[in-house]
Protein chains: 4
Amino acid sequence: MPSGSFLDDYSEGAHPQILEKLLETNLSQQKPYGDDEYSIKAKACLREKLESPDAAIYLVASGTLANIISIANCLRPHEAVISASTGHILVRETGAIEAIGHKIIVVTQENGKLTPEGIQDALDKNAVYPHMAKPRLVYLSNATEVGTIYTKAELTAISDLCKKRGLFLFLDGARIGAALSAAKNDLTLADIARLTDLFWIGGTKVGMLLGEAIVINNKSLAEDFAFHVKQRGGLLAKSRVLGIQFLEMFRSNLFFDLAKHANELAQLLSTGITEAGLKLEAETETNQVFAILPNALIEKLQNEFHFYVWEKVPDDKAVVRLVTSWATTKDQVTAFIKELEG
Amino acid sequence: MPSGSFLDDYSEGAHPQILEKLLETNLSQQKPYGDDEYSIKAKACLREKLESPDAAIYLVASGTLANIISIANCLRPHEAVISASTGHILVRETGAIEAIGHKIIVVTQENGKLTPEGIQDALDKNAVYPHMAKPRLVYLSNATEVGTIYTKAELTAISDLCKKRGLFLFLDGARIGAALSAAKNDLTLADIARLTDLFWIGGTKVGMLLGEAIVINNKSLAEDFAFHVKQRGGLLAKSRVLGIQFLEMFRSNLFFDLAKHANELAQLLSTGITEAGLKLEAETETNQVFAILPNALIEKLQNEFHFYVWEKVPDDKAVVRLVTSWATTKDQVTAFIKELEG
Amino acid sequence: MPSGSFLDDYSEGAHPQILEKLLETNLSQQKPYGDDEYSIKAKACLREKLESPDAAIYLVASGTLANIISIANCLRPHEAVISASTGHILVRETGAIEAIGHKIIVVTQENGKLTPEGIQDALDKNAVYPHMAKPRLVYLSNATEVGTIYTKAELTAISDLCKKRGLFLFLDGARIGAALSAAKNDLTLADIARLTDLFWIGGTKVGMLLGEAIVINNKSLAEDFAFHVKQRGGLLAKSRVLGIQFLEMFRSNLFFDLAKHANELAQLLSTGITEAGLKLEAETETNQVFAILPNALIEKLQNEFHFYVWEKVPDDKAVVRLVTSWATTKDQVTAFIKELEG
Amino acid sequence: MPSGSFLDDYSEGAHPQILEKLLETNLSQQKPYGDDEYSIKAKACLREKLESPDAAIYLVASGTLANIISIANCLRPHEAVISASTGHILVRETGAIEAIGHKIIVVTQENGKLTPEGIQDALDKNAVYPHMAKPRLVYLSNATEVGTIYTKAELTAISDLCKKRGLFLFLDGARIGAALSAAKNDLTLADIARLTDLFWIGGTKVGMLLGEAIVINNKSLAEDFAFHVKQRGGLLAKSRVLGIQFLEMFRSNLFFDLAKHANELAQLLSTGITEAGLKLEAETETNQVFAILPNALIEKLQNEFHFYVWEKVPDDKAVVRLVTSWATTKDQVTAFIKELEG
């Protein structure tokens, strides 16, 4: 691949500080299965940032595992998940949630987001007792699959509805770094801990080799959580690998700094595109830019840069997706814009 | 309930001939678990009507069991079902298919029916390997959940597409009697056996106490089927109870006679409604009538008759559903029409 | 088969009173899915005999369904069942419990029975957190698979241990009629309701066409039970079929009278065998007789009677199993004994 | 922990060469989800060593995932696994295999190993069609959970039986490095590829941060394997993390060199123990030493070294487990022996 890839935010390895720590700690002998000192310290750091001293935290290797384990822990066999039609668990995880036995009730999305009205509608349409699975958990992502973010007011409204209707609220945070570092964002990690029953913090897409941290705030859901981590294959013998990385990310502000960097370069890219007289498909809120470009221009750009063509649109144009990451440089963005204008 | 119920086609027990046979055979000692002589004879009768001497046939106690067992037998964990948005497995079986691990891919329906275009669209939208579950089985019902039927041309087109694309075709026949006895129908049991990989013949709604017969035509799907029947709780110790009933239904033409009776009374009802100057929500093809009645009339009718109010519509009206059965009498229908006109 | 079958207790149809009631009520229009008046009355009768006015009761079509539904309702994915090595769920239900996701921890049995010591040992050996599934439900059968019964003292000791250790106690009552009608029995239905969290009352083997009644005494387990009945295919449209039969069995003492008849004929058979100078493999406690007969005698008996040869033993002998039922007559037993002696 | 840990073979990070490669390749932009160039090269290297140019290979993050994914891929819902009573999937994976729906049939082990006789016995005892789950896959580990290894003759005999009886043979290779580097070993990677249908090569316990390579030799099992990897959460976005490590291990002889080092130090330890007049519980075949030590000596040793006390035995003694790894030094072993003798 050419050096200027805008394909995704997981094309490189890890931020150099992460790798240095792996080296530095390599020969220290540690307990396995989550009891290593780095995992313990990383969780302590996280609890402080979450302002949630009692939160249970588990570190796992992939986002799909985080979703499988969390939902398996929360639901009985007759209970269903409510998700937006763009939800990652619905369209990109090979039926992982159904494979552990649960129906997903699909709700029309708005800019990738769920609304209280959409959830209420799903409840109304799934109430024929006992012939319909019982809605029990609301799944949403922040940032969403299309790069948008929830405001504090939006997430609070959903959280209130969930509490009122006896629904668990579960947030997929594969790109929570990007969301909380967005210019428009007014949520904090502590807000999310308070508003949800459980959620996870994605490390892979911010600059770790791998690793996602599941945070369980609702105590009634925490008791036997470790069994599910093990049963689904999520408990690493060398849990230190995840602990060291999360500790490095959260002992300082590294996690948010890296996410902010990616967001800012996406803004730069976005501005460059509109200043070149081209249109965006959607406002750029995080590190994903959706732009409408003429096919001829796309072809030319593809000689130098890698990115996905998302969708054909009329008039010989297409929507392209451009993703920035911790590793994207200002020079790459400038080169792209230059090529646009040329 | 008042004697004039149009609530559903399972309000009474069984057709008297069925009960007589249960009595007559009661003390004969039989082998259990499907090896009784009545089950064996019933299957022989069915194979003849199916013109399929090698079909494997299993008798089970409920339609949901028939769906669970059939789908569990056919699919591996990563494989998904394609269903219309009105499909019984999707909206009235409490997530039974997801509970055994399979995603259901939802297709927009037309009059309750799937089309080749709808299936093709589902295939196109579920092709991101390996991030999406693999479409592998098409589920449809005949008659459909809204009382419509598939023509031979329609079912053949779907069957052809399934063969071409490596999909199993599975037909839920909870009301297959009504479908095959409809005035417009041009399909036979033998056609259905030939066009599908497996399907089931619903006994409960035609006039049995209980019982559905699963027919497996695709030999590659038949080999270990019995394990699934047992594993999901579908193997009755006194399998004779199902065997006797199916034998009585299919040794003569009783099954189709009863279904035809119900369809004809539905037609009578339907005609009476339109002749009274009222409208139907949909053409009456089988034993379900969907009529649009003023709310005041509905209230009056409910003093004498039982039926479901299906959906509110504008102008102080509602759609009502009226179902006829083997046990519905011409007098009941006449009384209803008289009340309409009064 | 010859009229003198001792193969099992489900060779015939139903007791004639049962069939009469099905006939008598046949045309009464009833609500479906458990809301028919017969099911409601049958449950009221049962609650009275159980001395448990708040017990939740569900009627289903087969014993395997009763086990699947009950266990699916009680357990989360990481929780396991404790069962004797002879347990029906372990050795005769095609992995039905594993198919819904649960491990079965096997305990050595004594005369087909679990003991507190055996359960305690299973707890001790399955305590490596979180690397082992968590023992959560004790499954036992009364009568057991080998025809023995639990005394009140034995069941109380197990119940006490379960309460102390946070385990649910679930009793499979496929042959609970035989157990509670045994000469040695000192338990009542009300005792069993009090000592277990949930259990089921087998109708099929006592003289119904089909039907088992699940009784849930632990209120925390009852709330969403109906969803599981539907999800696993156990909710019959014509639930009246089960309601009528259970009502007939329990509005009088019919259930226990039939079970007692079978037990008494088993005793007669058992006594005849020992008086003929032959040995029993185990004491006859219910309606199953296990006798050790010379192979030559077995061969001769098989000309006239049907029964299973259970196990070869030394000296040209074998253990045979002889089962009596509500339909077995004294004449059949006498004929068998005469043949023995001849 | 003190520097002299004999607790397990996953107390440290990774072999330094592995970490160097992660650093060296860090900024290279790569495709995700298994399509990175390192994974592709690693698989090519492995295929060469396997002498199996068509083998399908998937890299996943944990051993439990490797077991879940492999078994989910191979079995239909009614099919069961045969395992030794010491099998990891049976006693240390929290019911992971049952959680995906499969029964495990337990066979008595001999030195941690399965035998053809044991497998044959399991087949004989699980043949009541269709009331018992169908045995379909044999699971074994090499090295076993107790550190023993299979000879070529032993594995061949099992493989032959499996082929004859239509069983898949699946080998858990969490410690396959230790097994194939053992003094007594006469098997090669290529032998194992030839004798099994699928198996996995454990990286974690040899000296990788994490990573196990599943090898599928039976083509009929390979076709849709990737779906299962994704569905169970095993597909890493940054698959390069696994690819780089396996490439480094297998482009040279590093994998086997590290395993051999651990084995040799275990031999040194083992010899030291017997020369000190103490007994072994079992012969030391790989990198696990099981020794019988007096409790007083154990207490003294625990001041300086970490290890597990495995089991109490008579005469104030206990069995202890001592594990060596790529990171164990000769000095540590010498210090331990000296302390023994002191």
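User: How much area is buried between chain B and chain A?

Analyst: About 1400 Å² is buried there, and carbon and sulfur atoms give 52% of that. Buried area is the accessible area (1.4 Å probe) that two parts lose on being put together, summed over both. This is a predicted model, in which local features need pLDDT of at least 70 and side-chain atom pairs count only at pLDDT 80 or more, while totals for chains, interfaces and linings use all residues; side-chain values use heavy atoms, without hydrogens and water, residues are numbered from 1 along each chain as its sequence is written, and chains are lettered from A and ligands numbered from 1 in the order in which they are written.

User: How many residues of chain B are in contact with chain A?

Analyst: 17 residues of chain B contact 17 residues of chain A, with contact meaning heavy atoms within 4.5 Å.

User: How many salt bridges between chain B and chain A?

Analyst: The count is 2, a salt bridge being a side-chain nitrogen of Lys or Arg within 4 Å of a carboxyl oxygen of Asp or Glu. A:Lys103 forms a salt bridge with B:Glu98, with 2.9 Å between the closest N and O atoms.

User: Which elements of chain B give two or more residues to that side?

Analyst: They are α4 (88-91) and α5 (96-99) of chain B; helices here are DSSP runs (H or I, at least four residues), numbered from the N terminus. α4(B) gives the most, with 3 residues. By class, the side of chain B that touches chain A has 8 nonpolar, 5 polar and 4 charged residues.

User: Now chain D. What rotation superposes chain D on chain A?

Analyst: A rotation of 180° with 0.0 Å of shift along its axis, giving an RMSD of 0.1 Å. The two copies are thus related as by a two-fold rotation axis. The superposition is by least squares on the C-alpha atoms of residues with pLDDT of at least 70 in both copies.

User: Why do the copies meet through the same surface?

Analyst: Because 100% of the interface residues of chain D are also interface residues in chain A.

User: How many residues are in contact there, and what area do chain D and chain A bury?

Analyst: 49 residues of chain D contact 49 residues of chain A. The two chains bury about 4200 Å² between them, 58% of it on carbon and sulfur atoms.

User: And how many salt bridges between chain D and chain A?

Analyst: The count is 0. Elements giving two or more residues to the side of chain D that touches chain A include α1 (16-24) and α3 (63-74) of chain D.

Notes. Ala, Val, Leu, Ile, Met, Phe, Trp, Tyr, Cys and Pro count as nonpolar, Asp, Glu, Lys and Arg as charged, and the others, Gly among them, as polar.
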